[in-house]
Amino acid sequence: REEYRAVVDAGFILQIDDARAATAFDRMVPPGTFEEYRRWLAKFVESLNHALEGIPEDRVRYHVCWGSWPGPHVSDVALKDIVDLILKVRAGAYVIESANPRHEHEWQVWKNVRLPEGKVLIPGVISHATNVVEHPELIAERITRFANLLGRENVIAGTDCGFAQGTFYRRVHPTVMWAKFEALVEGARLASKQLWK
């Protein structure tokens with residue numbers, strides 16, 4: 001809590017990066033049931049909210065992803081099965097991986113789940129785990145899907161995750177990173193033209 005407050009008091013937005021919430025499902029030792037996993041995640045959310053107590057929600061972002069380990073991700077937990085717990089975190093914005101091929105279809109979750117009043121969704125619309133640079137029109141399509149469901153003022157385009165886990169551990173080359181960011185900016189411009197006609 002003290003570290004979180006220090007970040008916010010210094011004038012920064014606090015982003016909680018949490019790859020454990022979604023990836024713990026298939027990594028529980030010993031293997032647990034889905035109900036046990038949900039109980040663990042609910043307790044984790046409760047603990048995190050305790051640490052965030054007193055920090056204005058609009059200064060907090062909560063990032064959830066399914067990890068960047070190289071593998072098929074066929075045992076990933078579905079967003080629909082944990083979105084209720086994610087939305088209990090005291091954050092003003094939720095940064096959720098949404099561009100990777102295993103989870104891109106989950107934008108449809110928001111057809112049945114209401115984003116809490118005053119909250120923002122930051123879906124990943126470019127992937128951090130591939131060298132393929134997304135086309136701006138695809139990025140615009142991804143953004144407008146979310147905006148049409150949640151309201152254009154409640155969506156900010158983002159990346160699936162960070163492009164590097166450290167100075168010497170990059171997922172893609174910096175030239176590819178910047179090309180992806182350029183495509184993201186152009187895709188956001190296209191989406192804005194569509195959404196604010």
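## Aromatic pairs

Two rings of Phe, Tyr or Trp (for Trp, the six-membered ring) count as a pair if their centres lie within 6.5 Å. With that rule in hand, a search of the whole structure, which is a predicted model, turns up five aromatic pairs. One of them joins Tyr37 and Trp40: the ring centres are 6.2 Å apart and the planes sit at 25°, and the pair is stacked. Both residues belong to helix H3 (residues 34-52), where they are three residues apart, about one turn of the helix. How do the two partners fare for accessibility? Tyr37 is buried, at 0% relative accessible area, whereas Trp40 is partly exposed, at 32%.

Now look at Phe163 and Phe181. Here the centres are 5.3 Å apart and the planes meet at 80°, so this pair is edge-to-face. It ties together distant parts of the chain, 18 residues apart: Phe163 is in the loop between strand S5 (158-159) and strand S6 (164-166), while Phe181 is in helix H6 (residues 174-195). Phe163 is buried, with 8% relative accessible area, but Phe181 comes out as partly exposed, at 29%.

## A cluster of rings

Back to Tyr37 and Trp40 for a moment. Ring pairs connect them with Phe34 and Phe44, giving a cluster of four residues: Phe34, Tyr37, Trp40 and Phe44.

## The nonpolar core

In soluble globular proteins, nonpolar side chains tend to be buried together. In this model, the largest nonpolar core is made of 49 residues. Which residues have the most contacts inside the core? They are Tyr62, Tyr94 and Trp110.

## Two cysteines, no bond

A disulfide is a covalent bond between the sulfur atoms of two cysteines. How many disulfides does the model have? The count is zero.

Cys65 and Cys161 show why. The closest cysteine sulfur to that of Cys65 is the one in Cys161, 3.9 Å away, which is too far for a bond. To count as a disulfide, the two sulfurs would have to be within 2.5 Å.

How values were computed:
Residues numbered from 1 in each chain as written. Predicted model: local features only at pLDDT ≥ 70, side-chain atom pairs only at ≥ 80, totals over all residues. Heavy atoms only, no water. Core = buried A, V, L, I, M, F, W, Y, C linked by side-chain atoms within 4.5 Å. Buried < 20%, exposed > 50% of the residue type's maximum accessible area, 1.4 Å probe, protein only. Phe/Tyr/Trp six-rings, centres within 6.5 Å; stacked < 30°, edge-to-face > 60°. Helix = DSSP H or I, 4+ residues; strand = E, 2+ residues; numbered from the N terminus.
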